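Please keep the model in view while reading.

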Amino acid sequence: MDATVRPIAVFRPREDGWITRLFNWKPFLVALCMLPSAGLLLIFLTYPLGFGIWLGFTDATIGQPGHWIGLDNFISLSQDPIFWLSVTNTIFYTATATVGKFALGLWLALLLNHHLPFKAFIRAILLLPWIVPTVLSAIAWWWIYDPQFSIISYVVVDVLHLRSTYIDFLGTPWHARWSLVVANVWRGIPFVAITLLAGLQTISPSLYEAALLDGANRWQQFRRITVPLLMPILAVVLTLSILFTFSDFQLVYAITRGGPFNTTHLMATLAFQRAIPGSELGEGAAIAVSMIPFLLFATLVSFFGLGRRRWMQGETNE
Amino acid sequence: MTSGLSRRDSLILGGAALGAAGVPIIGARAQAPTPTDVPMADVKPPELPIEKGAALHVIRPAKFIDPDQVYWDINTKRFTDTTGIPVSVNYISWEDLRPQTAVIANTGAGADIVFGWAIDPFLYETKLVGMNNLAEYLGKKYGGWFDIAKLYGTKWKTNEWHSLPIGGGAGPTVYRISWVKEAGYDRIPDDLDGFMTLCQKLKQIGHPCGFSIGHAVGDANGFAEWALWSHGAMVVDQEGKVALDSKETIAALKYVAELYKYMIPGTIAWNDAGNNEAYIAGRISLTFNGVSIYYVLKNSPDPKLRDIAQDTMHQLVPKGLAKREPMTAGPMNAMLFKHSKYPNAAKEYIRFLMEAPQYGPWLSNCLGYWSEPLKSYAKMKFWTEDPKLAPYANAMDTIYYDGYAGPVSAAASAVSANYTVVDMFAAVATGNSTPEAAAKAAARQAARYYGRA
């Protein structure tokens with residue numbers, strides 16, 4: 001060997017340090033990136049939820065921390081007629097309000113789907129009941145339903161003389177229930193209407209044209225084109241709407257606070273009343289926890305039942 | 001400067017506004033004169049050496065009428081000027097006060113003194129500093145404590161003071177003099193039959209009475225309790241056993257069912273403001289309420305409302321079968337927590353507030369909104385100067401309280417918070433239940449709350 005033949009410096013890549021190897025390891029990277037959002041969810045969502053569920057199994061009161069008492073709260077509630085009344089109230093309220101909101105919301109969406117003058121303006125106005133804070137609209141409805149100062153009663157009795165006595169909106173159980181349903185439907189229509197409108201706009205007009213050429217009438221177009229193609233978004237909106245309506249609190253609390261002797265108590269308002277003013281935190285939490293099975297059931301039914309592709313694309317498509 | 005107001009003008013205006021706002025405060029710096037109409041014994045205050053560097057944090061309920069806050073602030077400022085101890089006072093909304101008290105008690109941090117509601121002193125007994133020396137001093141100096149003040153201030157059936165009652169709010173009868181006269185009465189009858197006939201006649205002349213039987217925390221519970229106690233019924237007996245299902249309760253239920261026919265329609269949907277609104281609008285002639293209705297009417301810029309104030313009179317609620325007026329006054333209690341770093345300073349603050357130069361003006365300017373727990377203050381001139389305030393003067397001189405006749409406990413406040421008694425009356429009054437069934441159901445419900453206690 002001479003000076004002209006030197007061993008070539010072989011460049012060997014330096015061995016990765018353990019930190020580099022760690023950060024290159026995919027599972028670790030994934031976990032690290034998800035940590036901020038997962039952490040937020042854990043602290044602000046899971047912890048309160050878990051703590052609330054745990055509270056339902058204790059005898060906590062506002063003054064004292066609770067001790068584990070197992071299912072005692074739930075057994076006691078199952079023997080409480082007011083609790084069962086609130087369950088039936090909630091189911092009735094959710095069912096009727098949802099039907100109302102969807103019927104009217106869909107109708108509005110279909111109307112708005114056409115070319116109207118000032119379309120954008122009308123759509124903006126339509127959103128108002130939804131974006132006004134619930135408490136404010138609840139107070140407004142409370143005034144509308146007031147036994148002495150209702151504007152509707154005033155118009156009907158003092159101006160038009162159609163009746164001699166003021167309308168009793170909130171004085172009897174069924175009147176109060178229907179009044180609350182009306183207020184809730186008024187509040188909820190915009191959400192349904194705007195979302196369904198968005199869904200309607202994704203349906204290609206060429207489908208309608210093709211159907212028209214084939215001789216389909218309006219009803220057949222609606223049933224064969226609109227409904228199936230709207231199903232996915234309908235399932236989502238229905239799920240959300242049921243969740244919101246079932247756990248509604250502000251409207252009922254601001255207008256009747258549970259109404260004529262507990263006949264408009266929803267599970268949410270009863271849970272609050274038992275827990276905070278009544279200072280029975282454990283029992284209130286138990287009532288709130290017993291809402292979970294109903295909500296889960298409703299979500300599963302509407303999401304998986306309606307979202308199935310058979311509805312969307314015909315019998316053979318599973 | 002394009003607008004009409006120049007920078008100099010706005011500075012002058014601002015300075016004038018600040019100066020104007022500062023005038024009452026400056027006046028308050030001077031030592032306040034002792035009111036001459038409060039009889040006092042010559043007693044030495046307890047020795048409370050103030051801790052060095054003391055500063056106090058206090059929370060109390062939010063005002064319902066302005067003078068409540070104005071005079072409390074004046075008194076607090078005078079305390080700071082006299083002793084050099086800074087005090088910060090937070091006015092908390094009524095619904096939030098009890099949960100906040102719970103947080104303070106459970107975390108051992110936050111306010112030193114809580115002026116709280118209802119039975120909270122009993123819930124947090126073990127966390128409160130004893131008030132014996134202060135209570136004995138004030139009792140000796142100002143003629144003694146009223147029964148209800150002692151009931152809430154001391155541990156059940158002892159002389160151990162765990163809190164100091166500051167004042168209570170009552171709900172006597174508020175009525176329109178001219179309309180009651182038109183119905184043929186000079187004053188509200190004290191017997192149940194007479195009261196029923198009066199309400200019947202009031203409805204006949206087109207000016208009915210109105211009492212809330214809906215979910216109104218204050219008014220509905222007040223009315224329901226009056227109905228029970230005036231018939232000799234009660235929720236629990238002295239041993240704490242539920243005594244709601246009794247023939248006295250059935251009689252009360254039947255009475256209210258008939259009275260409901262003569263009330264203005266819709267009271268079942270009223271909240272606490274319902275009867276205030278209806279009375280001020282001239283829709284009802286008679287109700288049970290605190291002095292808030294009269295206060296609003298008297299101080300209104302509208303002459304029509306001031307006329308209604310002229311035509312308004314107050315009277316203690318009808319006795320019915322009870323030996324004393326079946327009315328209670330929900331007290332506000334000063335609770336000093338053990339976690340406070342400056343207990344002596346805190347006690348000094350409470351003592352200062354309860355002394356005549358401070359308490360007197362606060363009490364008199366609230367026009368009877370608060371009733372005093374100490375007997376001497378009942379002799380103040382303002383109680384008799386406006387004869388309409390008479391029923392509020394001795395509001396705390398009563399044997400009745402929330403949860404009468406059993407021990408004061410969380411169960412009693414759970415019963416009123418859940419409207420157990422109110423709903424019982426509402427169900428019968430609207431014809432949705434028979435008296436017997438409603439009484440049984442309500443007794444079962446009450447037993448659930450008392451069974452847990």
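The domain assignment divides chain B of this predicted model into domain 1, made of residues 56–167 + 330–393, and domain 2, made of residues 173–327 + 418–452. Taken over C-alpha atoms, the centres of domain 1 and domain 2 of chain B are 29 Å apart. Where these domains touch, domain 1 of chain B supplies nine residues and domain 2 of chain B supplies ten residues. On the side of domain 1 of chain B that touches domain 2 of chain B, seven residues are nonpolar, one is polar and one is charged.

Two local features of the backbone of chain B deserve attention. As background, most residues other than glycine have a negative phi, and most peptide bonds are trans. The peptide bond from B:Tyr404 to B:Ala405 is cis, with omega near 5°. B:Ala405 is found in the loop between α17 (390–393) and α18 (410–417) of chain B. The other feature concerns B:Leu367, a residue other than glycine whose phi is positive, near 60°. B:Leu367 belongs to the loop between α15 (356–365) and α16 (381–385) of chain B.

Within chain B, helix α1 (residues 7–29) has the lowest confidence, with a mean of 47, whereas helix α10 (residues 247–262) has the highest, at 96. Over residues 19–30 of chain B, pLDDT stays under 50, and the model has five contacts beyond four places in sequence for this stretch.

We now turn to the partner chain. The contact between the chains takes 23 residues from chain A and 25 residues from chain B. The side of chain A that touches chain B comprises seven nonpolar, twelve polar and four charged residues. For the complex, the predictor gives an ipTM of 0.79 and a pTM of 0.82.

Chain A has a mean pLDDT of 87, and 95% of its residues reach 70 or more. Confidence in chain A is lowest in helix α16 (residues 309–313), at a mean of 51, and highest in α4(A), at 94. Over residues 314–318 of chain A the pLDDT is below 50, and this stretch has five contacts in the model beyond near neighbours in sequence.

Helix packing within chain A can be followed through two pairs. In one pair, the axes of helix α4 (residues 81–112) and helix α11 (residues 218–246) of chain A come within 9 Å and cross at roughly 140°. This angle makes α4(A) oblique to α11(A). The crossing in which α4(A) passes α11(A) is right-handed. Residues of α4(A), including A:Thr90, A:Tyr93 and A:Lys101, meet residues of α11(A), among them A:Ser241 and A:Phe246. By class, this contact of α4(A) with α11(A) has four nonpolar, five polar and one charged residues.

In the other pair, helix α2 (residues 26–55) and helix α14 (residues 281–289) of chain A pack at an angle of about 115°, and their axes are 7 Å apart. That angle makes α2(A) roughly perpendicular to α14(A). Here α2(A) passes α14(A) in a left-handed crossing. From α2(A), the contact is made by A:Gly52, A:Ile53 and A:Leu55, and from α14(A) by A:Leu281, A:Gly282, A:Ala285, A:Ala288 and A:Val289. The contact of α2(A) with α14(A) has six nonpolar, two polar and no charged residues.

Methods
Residues are numbered from 1 along each chain as its sequence is written. Chains are lettered from A and ligands numbered from 1 in the order in which they are written. This is a predicted model: local features need pLDDT of at least 70, side-chain atom pairs count only at pLDDT 80 or more; totals for chains, interfaces and linings use all residues. pLDDT is the predictor's confidence in each residue, from 0 to 100. Helices (H or I, at least four residues) and strands (E, at least two) are DSSP runs, numbered from the N terminus. Two residues are in contact if their C-beta atoms, placed from the backbone, lie within 7 Å. Axes are lines fitted to C-alpha atoms, for helices over the stretch in contact, and angles run from 0 to 180 degrees between N-to-C directions. Angles under 35 degrees count as roughly parallel, over 145 as roughly antiparallel, 65 to 115 as roughly perpendicular and the rest as oblique. A crossing is left-handed if the near helix is turned anticlockwise from the far one by less than a right angle, and right-handed if clockwise. Ala, Val, Leu, Ile, Met, Phe, Trp, Tyr, Cys and Pro count as nonpolar, Asp, Glu, Lys and Arg as charged, and the others, Gly among them, as polar. Domain bounds come from an automatic or database domain assignment.
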